[in-house]
Amino acid sequence: QGYCGSCWAFAAVAVLDFYGNKHSEQQVLDCDSAQHWHCLKKGEPQKALEYLKSPGAALEADYPYFGYRHLSCHNFTPIVKVATVMAIKGHMHMQYAVQHQVVSTCFEMSATDPFKFYHGGVSNRVFKKPAANHTKLGHCVAVVGYHNHHKHQTKAQDYWILRNSWGVHWG
């Protein structure tokens, strides 16, 4: 996502990417008029998924990411539409949902949060509180899996597997 606060768009589009292809985050940034966002004011993945019900999502190759919002929505051909958007509440419901698809989520973060410096492996960062207001300091990611140590009979902790949009130099 570069230096633009578009993690919410990446988290939403990752839900579609799970089903195949690479879809356009830039389309969501440029065309979702319900979210009056810019790089300092974040949007919400749930609203982005609602937007993608109609007109649908373009391919990334046809509408590439630039890291800023264009002043207008470019023409695009949608290749897939979101059918249903559901809010998931609670750890157990999230575990169940992520067994069947990618889930977007947001969480609160401080300016010095250790997650910003994550580079690999299992982090001991505990995400206790979802971001109540995505326009405040927080971060959105795609939850792509869950590791349950009880199934594997190891001493490792349970952990979520996340797809993060910050890139290789941050988080």
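Which residues of helix 4 (residues 91-98) are buried? I opened the notebook with this point and found Met94, Gln95, Ala97 and Val98. I took buried as under 20% relative accessible area, exposed as over 50% and partly exposed as in between, with a 1.4 Å probe and protein chains only. Helices (H or I, at least four residues) and strands (E, at least two) are DSSP runs, numbered from the N terminus.

**Basis of the entries**

I note that this is a predicted model, in which local features need pLDDT of at least 70 and side-chain atom pairs count only at pLDDT 80 or more, while totals for chains, interfaces and linings use all residues. Residues are numbered from 1 along each chain as its sequence is written, and side-chain values use heavy atoms, with hydrogens and water left out.

**Helix 4**

I looked down the axis of helix 4: its buried residues fall within an arc of 170°, so they line one face of the helix. The arc is that of the directions from the helix axis to the C-beta atoms. On the other side of helix 4, I recorded Met92, His93 and Tyr96 as exposed. I then looked up what covers the buried residues of helix 4, and the cover includes strand 1, strand 2 and strand 3 (159-163). Contact here means heavy atoms within 4.5 Å.

I found an open sheet of 3 strands in the order 1-2-3, with antiparallel pairing. Strand 1 and strand 3 stand at the edges with a single partner strand each, so one side of each has no neighbour in the sheet. Two strands pair if DSSP finds at least two bridges between them. Neighbouring strands of this sheet are turned by 55° against each other on average, direction ignored. Axes are lines fitted to C-alpha atoms, for helices over the stretch in contact, and angles run from 0 to 180 degrees between N-to-C directions.

I looked up the bridges next. Strand 1 and strand 2 run antiparallel and are joined by 6 bridges; Val103 has Val143 in strand 2 as its bridge partner. Strand 2 and strand 3, also antiparallel, are joined by 5 bridges. Ala142 stands opposite Arg163 in strand 3, and Tyr146 stands opposite Trp160 in strand 3. I recorded 9 of the 10 residues of strand 2 as buried, so this strand is largely enclosed by the rest of the structure.

I then checked the helices against the sheet. Helix 1 lies across strand 1, strand 2 and strand 3, running at about 30° to strand 2. Helix 4 packs on the sheet and touches strand 1, strand 2 and strand 3, its direction making about 65° with that of strand 2.

**Nonpolar cores**

Which residues of the largest nonpolar core touch the most other members? Of its 25 residues, I listed Trp8, Val28, Leu49, Leu52, Val82 and Cys140. A nonpolar core is a set of buried Ala, Val, Leu, Ile, Met, Phe, Trp, Tyr and Cys residues joined through side-chain atoms within 4.5 Å. The elements giving two or more residues to this core are helix 1 (7-17), helix 2 (25-31), helix 3 (45-51) and strand 2 (138-147). Helix 1 supplies the largest share, 9 residues. A second, separate core of 6 residues includes Ala97, Val98, Val143 and Tyr146.

I looked at Val82 individually: leaving out residues up to four places away in sequence, Val82 touches Leu16, Leu49, Leu52 and Lys53.

Is Ser104 buried or exposed? At 19% relative accessibility, Ser104 counts as buried. I placed Ser104 in strand 1 (residues 103-108). Beyond its neighbours within four places in sequence, Ser104 is in contact with Ala11, Ala12, Val15, Pro45, Leu49, Val141 and Ala142.

I found Pro45 in helix 3, and Pro45 is buried, with a relative accessible area of 5%. Not counting residues up to four places away in sequence, Pro45 touches Trp8, Ala11, Ala12, Ser104, Cys106 and Cys140. The C-alpha atoms of Pro45 and Val15 are separated by 9.8 Å, and the two residues are 30 residues apart along the chain.
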